[in-house]
Amino acid sequence: MTGANRGSTEKIMRRFFFGVATASIALLTMIMVFLFTEGMPIFEQVSVGDFIFGKYWYPTSDPPDFGIFALIVASLAVTGVSAAMAIPLGVMTAIYLAELASRRVAGILKPAVELLAALPSVVIGFFGMVLVAPFLQRVFDMPTGLNLFNASLMLAFMSIPTICSISEDAIYSVPNALREGSLALGATQWETIIRVVLPASISGIATAVILGMSRAIGETMVVLMVAGGAAMVPGSLFDPVRPMPASIAAEMAEAPFRGDHYYALFATGIVLFLFTLFFNIVADFIAHRYRQVGEASL
Amino acid sequence: MDITEDQIRQGEAEAEEQSRHKATFRAEERSRIQEAAIRARGRRKMNQRLVFFLFRAAAAITVTALFIIIFFMVKNGISAISWEFLTQVPRDSMTKGGILPCIVGTALLGLGAIAVAMPIGVASAIYLNEYARAGKVLRLIRLGINNLAGVPSVVFGLFGLAFFVTYLKMGVSILAGALTLGAMSLPVIIGATEEALKSVPNTYREASLGLGATKWQTTWRVVLPAALPGILTGAILGLSRAAGETAPIMFTAAVFYTPDLPSSIFDEIMALPYHIYVLATAGTDIELTRPLQYGTALVLIGMVLGMNMVAIIWRHRLRRRLS
């Protein structure tokens, strides 16, 4: 092969790989384009304000009501409640794995956390529906076990692995010299963790928490099967709710093709997409802006 | 006034007495401080023990959740599993018979998704790890990948419906479902491949370049073969994730019921996750088919966790070999 030939092959390969690498951006752009083309027509019927803040979701009545406020509130509620359970559990498990557990114990627990992440969402939804719901109903004497609380609990166990494994990476990458310095000054191991290790890894932990919440708000099968399905603004922790993904998944099959209901479901998809996009951009921003670089940034 | 020797002696004695007094006082104070310090240290240790107990409890809860879910699925599902269950088609409005079409469907969708995502994902990772230089473009590509990873599965389903099923006129089909799942697994494959490429020591690259090979020759003949096991591990993880997903195939590939095994990639198909959902929420007799639901869930868990276990063990061996 001549030198010139080699050079041109190199150039072609570099361009080829660059082209392929942009596929992800292209795909993301296409997702947005198609969501918007299929979702925007609903705003000829309803204004954006009425769609987002409208309290009534009766897409099949005559005349239909397309207000997704209750769905948005439901999505935020299940995400918030599940975060309240998943953040402490996930971060504490991460601290245990990174700082306390012996090598052997961590070697067993870490794969277990990974397997928890690998459980299909439909299985967790099924578990919540046939085992947890009757249990809650019996023990707490509720009218239905399919409610906000049950859905949040199931979602928590779906976001714990995300929160745990990203936090653990962040904690693990804190330089050992920081720990040794703190211990040498007479701090106990716990004081070292809370005053030195956690502040040093807080940006990674924050990223983990946001990604975990992003996973919870977009999760479909669990809220479809376990949340109860009532399109109302919940008044208590034990009310049935209908988060956005559940509404889309449950109704798309019945919605007449390119009818108003169909457009409204795509528009709900836009709102859901924007929520997760926001979460992910914030996570990305935190991860880059407050990156822990060795010991110098403390 | 004259001072007698007596007075001097007395004064000295007094001074001595005082300093002795001071010394004992200091010693007492010191030991008191030490005791307090020890007590405080004890309290701090107690705090530590309490908090560490909470950490252990949190880890225990997380792991117990996994085992509780698996335990109940196995306990309730094992009796439904039989050779007939795995090899026959559903009968009597899906209240009897097996789940063969679902197993075949899930396998086809998963493999199709990987066949789509692997070439694109591996090539993307090669660009990111071998060719790209730090800068705005790289940052943008990474932002795209991270955001793609965060797109909710049901939104992928909507996209698949609008683009593959409607716009490209594929209809509800294996092809549309596999493409949708492939789009969703892309970030998983890219991430795993990048990790595998990063674990190849730089000395490999330097040696190859030093012998006069070009960047592409180095990547193709040296880096990729060394990273191959890691890349395959990622493929297995991507496959297992695609196989377990429900929302992306609801509008693009899966149907309630089709008695025949597919004969072309444009056929509709049954799939394990969707079958569980349908039987549990909209089946002919939800209570009667409960054992079938558990059985189907157990088969799905077995497939997914089995693949994950293989990947985890494989990766563990790899890491030991490299370190």
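**Close-up views of a predicted two-chain model**

Helix α7 of chain A is mostly covered, with 22 of its 25 residues buried. A residue is termed buried if 20 or more other C-beta atoms lie within 10 Å of its own, exposed if 12 or fewer do, and partly exposed in between, the C-beta atoms being placed from the backbone. This is a predicted model, in which local features need pLDDT of at least 70 and side-chain atom pairs count only at pLDDT 80 or more, while totals for chains, interfaces and linings use all residues. Residues are numbered from 1 along each chain as its sequence is written, and chains are lettered from A and ligands numbered from 1 in the order in which they are written.

View 1. At S159(A) the helix bends by about 35 degrees, and the proline P161(A) follows within four residues. The bend is the angle between axes fitted to the seven residues ending at a position and the seven starting there.

**View 2. The loop that holds F257(A).** F257(A) is placed in the loop between α11 (244–251) and α12 (260–289) of chain A. Helices (H or I, at least four residues) and strands (E, at least two) are DSSP runs, numbered from the N terminus. Because F257(A) has 8 C-beta neighbours inside 10 Å, this residue counts as exposed. I95(A) lies 162 residues from F257(A) along the chain, and the C-alpha atoms of the two are separated by 50 Å.

**View 3. The contact between chains A and B.** Here 70 residues of chain A are in contact with 67 residues of chain B. Two residues are in contact if their C-beta atoms, placed from the backbone, lie within 7 Å. On the chain A side, helix α2 (residues 23–39) supplies the largest share, 10 residues. That side of chain A comprises 50 nonpolar, 13 polar and 7 charged residues. In this count, Ala, Val, Leu, Ile, Met, Phe, Trp, Tyr, Cys and Pro are nonpolar, Asp, Glu, Lys and Arg are charged, and the others, Gly among them, are polar.

**View 4. The fold of chain A.** Chain A contains 12 helices and 2 strands, and from the N terminus its elements run α-α-α-β-β-α-α-α-α-α-α-α-α-α. The C-alpha atoms fill a box of roughly 70 × 70 × 30 Å along the principal axes. Of the 298 residues in chain A, 49% are buried.

**View 5. The spread of chain B.** Chain B has 11 helices and 2 strands. The radius of gyration of chain B is 34 Å, well over the 20 Å that the globule rule gives for 323 residues, so chain B is more spread out than a compact globule. This radius is taken over C-alpha atoms, and the globule rule is 2.2 Å times the number of residues to the power 0.38. The C-alpha atoms of chain B fill a box of roughly 130 × 65 × 35 Å along the principal axes.

**View 6. The two domains of chain B.** Chain B is divided into domain 1 (1–80) and domain 2 (81–322), with bounds from an automatic or database domain assignment. Their C-alpha centres lie 55 Å apart. In chain B, 8 residues of domain 1 are in contact with 9 residues of domain 2. The domain 1 side of this contact has 5 nonpolar, 3 polar and no charged residues.
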